[in-house]
Amino acid sequence: MIRKHLRLLTPLALLGLLVGLADLSHGSVGEDEDYYMQGLLIREQYNQVQVLEKQNSFIPDGEEDPKEHSAKKTAKAKSDSSKKTDKTPADAKTECPPIGLESLKIDDFQLHASSTKRYGLGAHRGRLNIQAGLYEDDLYDGAWCAGRDDTLQWFEVDARRLTKFTGVITQGRSSLWSSDWVTSYKVMFSNDSHTWITLNNGSEDLIFKGNREKEIPVRNIFPEPVVSRYIRINPRSWFTRGSICMRVEILGCPMPDPNNYYHRRNEVITTDDLDFRHHSYKEMRQLMKVVNEMCPNITRIYNIGKSQSGLKLYAIEISDNPGEHEVGEPEFRYTAGLHGNEVLGRELLLLLMQFMCLEYLSGNQRIRHLVEETRIHLLPSVNPDGYEKAFEVGSELIGWSLGRWSNDGIDIHHNFPDLNAILWAVEAKKWAPRKMFNHHIAIPDWYQSTNASVALETRALIAWMEKMPFVLGGNLQGGELVVTFPYDRTRSQGVVREQTSTPDDHIFRWLAFSYASTHRLMTDANRRVCHTQDFAKEDGTINGASWHTAAGSMNDFSYLHTNCFELSMYVGCDKFPHESDLPEEWENNRESLLVFMEQVHRGIKGVVKDHQGRGIANAIISVEGINHDIRTAADGDYWRLLNPGEYRVTARAEGYSLLSKKCEVGYEMGATRCDFTIGRTNMSRIKEIMEKFKKQPIKLPMRQLAARGSRRRRLGT
């Protein structure tokens, strides 16, 4: 469907761009977006449409679109298979996608081995990029390891159907304590698991070079594809001070299945006709521009700052009145790509952007209600520098960490000021909330200095968070299937894991469950554990600090410095899934993405005004029994996320009398209206009058005031 819209847009877009370039219409790109300005706008639009139309015509693998030709970006201008790895065009024609060891499409019963050192190092652990725990144990270790170190050992995969195998990717063992990897191996094939044929070059068996260390994946493409059901890897040599240990991915294309058995068992089909590709930075900008032109009345593109290498951090706003905050309308955000190599979240937000535009145009009432009642912001790539590093190498060869950090080596998600320690120190002295607020905690001076180790991307995020009155947010990450909620730092010093709840623990748990329970896999008790922890037993959610402590997380900072409740969604076991897996991952997460956005309308909302009907900014909203307040936005409007129940709510502001009332939250979706009109205190009115007439009150020492009062009482005046 999106491809159909793109084709229809071509003549209309070009005509519209020829008129009034200097006066961009409402909902279009802002004036600060130099990439889209003046003559570049026409040229990029034309090139983009041509590229997309050619992609829709199914450019053969390995062929480069001439419109995208650039010596520096050759690898990115190619189609899926060539774009994801550094192979030659000849390889591109023969290489198939992964059959699914890393993505868990291949289940444990399809993996076998000649021997096993112990259960935790069994064949079921021989999956590419699988991670071991901090301590080695008998259940979850980081590879398959043979029980004996000799050339008779093998690791076997049963594809359960005839498959055209084209290559193998291997890693060593994930371990902090051991160094184990295979340095060379043979590959064998069978159709019955009894008779095996070794891949050869005509005269002798082929020996493939393996790994040189344990983390960097090594891919070997077969000279010719081999069709069979079973494939074995037979280690021939290994690290001299280690053992036979491997993590593996197999590249293969399923052969035609006349009985449709494989389709029924394993495949998830989407009916959404969206752009299911991995997008480079330039392609991401082009796609955002296309959506903006398809839905100009409900979208706006803007940037929040730049990365360390100078790439702009682009966001797209989806609202019925883009570019403006509407009184009473909550603001929601999704961010992705804080870790540049966790790319599934980035693509999910690009898919969500397309989906909402198309569904709005088609009249989907659920989407129309979301757009008309919410101001939605999507920031798909917080760390574009890291993403470009991962994108260059490709999904199967990045390992676990390449591209994770910013260009200057900073983990953006944990680069925020540690406000937890400040709050807890104040609470220990019993200063909160009388001497210090329990919310909107100020950023310490040391963090704002130019010498502080703060990424440009983090500073841009903080400025964005302070500018927009966000109510609810989710940052999409990868490598697991779980939703985490604050606090992310343990309160006890030196403790690695400890349940550390916020005063809003109940609503945080609900928000986390709203995403996890509507995800296709997160709460499935029968699903395989991604790495070492079974989060399905916890309903697919966990308190961040009880998983692993992390000071200065985006979630904790958002809660303590702004009004926004922020959670982290780990949306897939595979950080960088193959392009062919994106439709299924979209189906896994689509409903969750929508349901979580809808939670921004849960709780109470209202406006705090004075007796003249003017909104009061920075008025404090307190809920009895919850030791965490929020503040009103610039127009005096506020939103307080709460679970169903009856609450006593108080509004107060400097110079005004406080006012309390009961507000009830129902079970149905939609925030309860709870407005406040508060009056000025006598003292504030006196100060205002004195300032107006430029008169200063007479300041007398307390003793003189007391003496004057006593004298007046004696005189009876």
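**Close-up views of aromatic rings and a helix crossing**

**View 1. An aromatic cluster in the predicted model.** In this predicted model, one aromatic cluster is formed by F165, Y185, F189, F208 and F222. The structure as a whole holds 26 aromatic pairs. Two of these pairs are presented in the next views.

**View 2. The ring pair of F332 and Y334.** A pair of aromatic rings is described by the distance of the centres and the angle of the planes. For F332 and Y334, the ring centres are 4.7 Å apart and the planes stand at 85°. An angle over 60 degrees counts as edge-to-face, so this pair is edge-to-face. Both F332 and Y334 are buried.

**View 3. The ring pair of F535 and W547.** Here the ring centres lie 5.2 Å apart and the planes are at 75°, so F535 and W547 also form an edge-to-face pair. The two residues are twelve residues apart, and their pair links distant parts of the chain. F535 belongs to the loop between α13 (505-516) and β15 (541-543), whereas W547 belongs to helix α14 (residues 544-547). F535 and W547 are both buried.

**View 4. The crossing of helices α7 and α16.** The axes of α7 (residues 344-362) and α16 (residues 582-598) come within 10 Å and cross at roughly 70°. Angles of 65 to 115 degrees count as roughly perpendicular, which means that α7 is roughly perpendicular to α16. The crossing is right-handed. From α7, the residues L344, E347, L348, L351, L352, F355 and M356 meet L582, E585, W586, N589, R590, L593, L594 and M597 of α16. By class, this contact has eleven nonpolar, one polar and three charged residues.

Technical notes. Residues numbered from 1 in each chain as written. Predicted model: local features only at pLDDT ≥ 70, side-chain atom pairs only at ≥ 80, totals over all residues. Heavy atoms only, no water. Axes fitted to C-alpha atoms, helices over the stretch in contact; angles between N-to-C directions. Helix = DSSP H or I, 4+ residues; strand = E, 2+ residues; numbered from the N terminus. Parallel < 35°, antiparallel > 145°, perpendicular 65-115°, else oblique. Left-handed = near helix turned anticlockwise from the far one by under 90°. Contact = heavy atoms within 4.5 Å. Nonpolar A, V, L, I, M, F, W, Y, C, P; charged D, E, K, R; others polar. Phe/Tyr/Trp six-rings, centres within 6.5 Å; stacked < 30°, edge-to-face > 60°. Buried < 20%, exposed > 50% of the residue type's maximum accessible area, 1.4 Å probe, protein only.
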